[in-house]
Amino acid sequence: MASQDAKTQARRKSAAKLTRGFRGILVYLFVVSGIINLLALTGSMYMMQIYDRALSSGSIPTLLAISALAGGLYLFQGLFDIVRSQVLVRVGARLDRDVAPAAHKVAMDMPRFGFSGAEAASRGRDVDTLRGFLGSQGPMALFDLPWMPLFLVFVYILHPLLGALTFTGAVLLTSLTIVTEVMTRRLSGAAHEALIQRNAMVDSNTRNSESIRAMGIGGRALERFVVANEEHLAIQTRANDITGTFAAISRVLRMILQSAVLGLGAYLVIQGSLSAGAIIAASVASARALAPIDLAIGNWKNVVMARAAWDRLKGTVAILDQVQPKMPLPAPRRSLKVEGITVAAPGSGQVLLSGASFTVEAGQALGIIGSTGGGKTTLIRALAGVWPVLRGSVRLDDADLTQWDEEALGAHVGYLQQDYVMLDATIADNISRLDTEADPRAVVEAARAASVHEMIVRLPEGYHTELGPQGASLSGGQRQRIGLARALYGEPFLVLLDEPNSNLDGQGEAALTEAIEGVKRRGGIVVVIAHRPSALAACDLVAVVQNGKLTAFGPKEQVIGSVRARPAPGETVPAREERVRATA
Ligand SMILES: Nc1ncnc2c1ncn2[C@@H]1O[C@H](COP(=O)(O)OP(=O)(O)OP(=O)(O)O)[C@@H](O)[C@H]1O
Ligand SMILES: [Mg+2]
């Protein structure tokens, strides 16, 4: 309950921060809308003057003077209208500039917490939705609505009965807007969910393009997409049906009302209580009074979408606000300490690793072995701070990882993930971690340390080779070695390698051993996960991770010896090593 309150409060605070710069503009837009609406009375006034003054007096100069005045007023109305729409477009652009980076920052983080790529991408699209809405007809109608009484009063002054009729119409149309709102509100969330589901399907199918083609399952993949698309379409159709129906009803109602105003006006003229000019003036003014409601109903779908996007964005920005500022800490130089950590999957909360403790000193390398799915990658994610630990702590020189500023910590960590993908950039940018002012010597040094320099310079574009999406233009082994170079770039204290040799040949493995030795020599720490024993060559310590537990830890010879003597459940490295020897 308390945390719920805190969350609501955080959302409100971040919303206030988002709108802080806009409050003045909103007031300005409100006033400009008032002027526009006031000027919109020009048409009615002109009609009245024509009928009741120019026609009755038969004076051409009067007609000319009235027309010139009306022309001038129309011109002003047009100018204010242009100003208002330009301001709204700029408000949209400014909101985008302020919010899009925050939304993207959250989107980058979401996959780490078990959200799909499509879900993450939708956070970015929320900004587009909002900007698009601000540049459309929708907000104009919303700014005109509060000025509706201006026209009601005008009609009322012409004749109270006409005023009452227009007021009734306004109430009817407003009720229609409310009904539309109630009926579509529930659907908008469902429509958003369905869209994300569909886009996730697109994401998954495009990512598996190769396998889908090779195994001839394009038809089945398409079928899954069609099902998701149908669901999305069904909700969309329902929502569009509702808004479409109510928009049509409101349009007809407005036309009926306009005719009713004329009819009632004619009756009043016949009775002698109204002038002929006033009929037309009342008709024009009542039409204008009801137009924003009509427009609002017609645009209601966009209003609902924009509001939902805004609500989600407030939540998105609130997430970032919860990040506390961190003290700058000195570069770590001594140790990596793991103290009784429990790690859970951020998506499901399922505990994947528990009660792991060990210490690695500067200049040492730790090899992690264990059966498939045992929790090795989970452990290394906790060491890198990619997944938060549920209990216990990971300390660099005794400072818990949570005390570090994310970017400051990143500079001291090299990380090669198991299913590594390259950034869509050049090889040099990939190695230098997108640092555009990187020292080229440091890039070459990292490439040399990963023994990939020769391979890179043999490419036609060398270090400036563009890798394309996910590094598609390189082989698996090449990507792995460039990934290793990136992990070594800038000589980070802690180098974390998740199966860095899975794609390497003998030469690559020798290079990996040399790279690990290099980190040790300069006083760094290496933690390397290995299914193949060759990666253990340079390790001093070995840890065994099985079924979510650290089952052994110690000097390499000791641990490997004990594992050999008492084979652990599942496949272990030494067992496989012996099998390889036996078949050789
Ligand atoms: N994002 C995730 N959400 C939920 N469970 C996960 C997630 N990633 C991994 N798991 C589960 O956690 C367990 C440990 O996975 P982990 O990737 O740590 O294994 P591993 O030891 O690295 O295996 P491998 O040798 O195959 O790489 C597995 O049972 C896996 O199903
Ligand atoms: Mg793994």
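1. Strand β6 pairs with strand β7 (residues 494-498) in the parallel sense, over four bridges; two strands count as paired if DSSP finds at least two bridges between them. Strands (E, at least two residues) and helices (H or I, at least four) are DSSP runs numbered from the N terminus. Tyr 415 stands opposite Leu 496 in β7.

2. The model is predicted: local features need pLDDT of at least 70, side-chain atom pairs count only at pLDDT 80 or more, and totals for chains, interfaces and linings use all residues. Residues are numbered from 1 along each chain as its sequence is written, and chains are lettered from A and ligands numbered from 1 in the order in which they are written.

3. The order β6-β7-β8-β3-β9-β10 describes an open sheet of six strands with mixed pairing. Its edge strands, each pairing on one side only, are β6 (413-416) and β10 (549-555). On average, neighbouring strands are turned by 15° against each other, direction ignored.

4. Helix α18 (residues 476-488) lies across β6 and β7 and runs at about 165° to β6.

5. Helices α8 (residues 160-207) and α10 (residues 218-271) pack at about 170°, with axes 9 Å apart. They are therefore roughly antiparallel (over 145 degrees). The residues of this contact comprise 29 nonpolar, twelve polar and five charged.

6. The protein is divided into domain 1 (2-318) and domain 2 (333-410 + 531-584), with bounds from an automatic or database domain assignment. The C-alpha centres of domain 1 and domain 2 are 57 Å apart.

Key: Axes are lines fitted to C-alpha atoms, for helices over the stretch in contact, and angles run from 0 to 180 degrees between N-to-C directions. Angles under 35 degrees count as roughly parallel, over 145 as roughly antiparallel, 65 to 115 as roughly perpendicular and the rest as oblique. Ala, Val, Leu, Ile, Met, Phe, Trp, Tyr, Cys and Pro count as nonpolar, Asp, Glu, Lys and Arg as charged, and the others, Gly among them, as polar. Two residues are in contact if their C-beta atoms, placed from the backbone, lie within 7 Å.
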